[in-house]
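Let's take a walk through a protein chain together. Have a look at the picture, and then we'll go through it piece by piece.

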Amino acid sequence: KMDGWQREMGLKAVVVTVLLAAALSYYVYNPMPDAIQEPWKLMAVDAAFRTGINLVREDAFSGFDSTMVALLGSRSPAGVVPGVKVSDITFAGVPVRVYEPPAGGEGHLRRGLLYLHGGGWAFGSGKMGAYDKVSRMISDELNTVVVSVEYRLFPEVLFPEPFLDCVAAAKHFLSPEVLDKYAIDPERVAVSGDSAGGNLAAAVAQEVLAEPKLSVFLQVATDDSVPVKFSVQALIYPVLQALDFNTPSYVQNRNMAILPRQVMVQFWLQYLGADISLQPQLIANNHSALQHSVLTPELRSRLDWTSLLSQKFKKSYKPVVAERDSHGLLKKIPGLLDARSSPLLAGPEVLAKCPRAYILTCEFDVLRDDGLMYARRLKDAGVAVTSDYYEDGFHGCLSFTSWPLDFDVGKRVLRNYMTWLQNNL
């Protein structure tokens, strides 16, 4: 009898194991485009991100932070660029981490770089391993003082607070006293960021350089008291608009790993302090319906992908334009029309004042077309732009350059980004 019971229990254990393995495989499996190298590795990373997003929906942000730390690391690997001096201080009351190049750079003016990390305005830190590693590399190899800003996040704050934190830190960094303290050349100061950080970097660049007379509803403030301006902006797969969630890249990559469309819309709603239940309305573009008189033809032209994208990216996709918005979404979410949250909405008179730009985009990213449209509009405004596009790239790849979560495209993205800064800053 005992042998029979043991066999029965063993059989049940096998069945349970098989079922759990099948369930795990089903959860992890997410079909990848053929161009993606090591698709199963990306599937595993994506599964971890989806777990984190589910924790966000349950307001379990400490759990989400733990997931991100596990993926991106809590610190740089031991021995990485030991000569770089790292200091955790505040700039105008905003926590920052300052990276100063090794002693060999003393006695000469250095480059300066203000970096704003990604994370959907809801998670992340410049102190995480992936960001920390890149900041140390840039500081060491490019003789650069890197300032990584720890702006406040959702749910502690909503828009425009993260933007205002970054502006305050930027103004402090650009002050002659601080530039002199760190021996930074005032003609060689950059602002950069990835994803939501790219959004903030573009908005900060506009804030510092914009002309004073603008449309009221765009609310781009100006400050002529900043004597030093950014000489370049480097935007890595930036988030730049929230009025059209049916651009070709949003539709093509709506279920793509790391950042599917519904997650990006969720991040926007959280950032702008709106109810997550409105997600289906935004995905249907009801918030940019034709009935809204404030969305003039001129304003719509600023994000009209049918004219701003090349045929290579438009393919056979068609615009999604709703006739009416029965929910009054623009009144409920006024931040949708604010250029401080959506830099692509800024007028040509603002863009013409922006510094020369580096804009990195990836084929398998819902945000691809945001970056491509911004590059086109900056060029049309007379700004020198370098567009760096990766046919095998995916959102977040810059953060995956170290074993075991290393991807060849991530290493290429990082190296080319640093090369551009070397040659242009």
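This is a predicted model: local features need pLDDT of at least 70, side-chain atom pairs count only at pLDDT 80 or more; totals for chains, interfaces and linings use all residues.

Helix H4 passes helix H17 in a right-handed crossing. Their axes lie 11 Å apart, and the angle between the two helices is about 35°. If you want to find them, H4 covers residues 129-141 and H17 covers residues 408-424. On the H4 side, the residues that meet the other helix are Val 134, Met 137, Ile 138 and Glu 141. Across from them, H17 brings in Leu 414, Arg 415, Tyr 417, Met 418, Leu 421 and Gln 422. Sort the residues of this contact by type and you get seven nonpolar, one polar and two charged.

Now for the sheet. Eight strands make up an open sheet with mixed pairing, and their order is E1-E2-E4-E3-E5-E6-E7-E8. Strands E1 (85-91) and E8 (385-394) sit at the edges with a single partner strand each, so one side of each has no neighbour in the sheet. From one strand to the next, the twist averages 20°.

Strand E7 (residues 356-364) and E8 run parallel, joined by seven bridges. One example to look for is Tyr 358, whose bridge partner in E8 is Thr 386. Helix H16 (residues 368-380) packs on the sheet here, touching E6, E7 and E8, and its direction makes about 150° with that of E7. Another helix, H5 (residues 161-174), lies across E1, E2, E3, E4 and E5, running at about 170° to E3.

Finally, step back: the chain has 17 helices and ten strands, and 58% of its 425 residues count as buried.

Note on methods:
Residues are numbered from 1 along each chain as its sequence is written. Side-chain values use heavy atoms; hydrogens and water are left out. Helices (H or I, at least four residues) and strands (E, at least two) are DSSP runs, numbered from the N terminus. Buried means under 20% relative accessible area, exposed over 50%, partly exposed in between (1.4 Å probe, protein chains only). Axes are lines fitted to C-alpha atoms, for helices over the stretch in contact, and angles run from 0 to 180 degrees between N-to-C directions. A crossing is left-handed if the near helix is turned anticlockwise from the far one by less than a right angle, and right-handed if clockwise. Contact means heavy atoms within 4.5 Å. Ala, Val, Leu, Ile, Met, Phe, Trp, Tyr, Cys and Pro count as nonpolar, Asp, Glu, Lys and Arg as charged, and the others, Gly among them, as polar. Two strands pair if DSSP finds at least two bridges between them.
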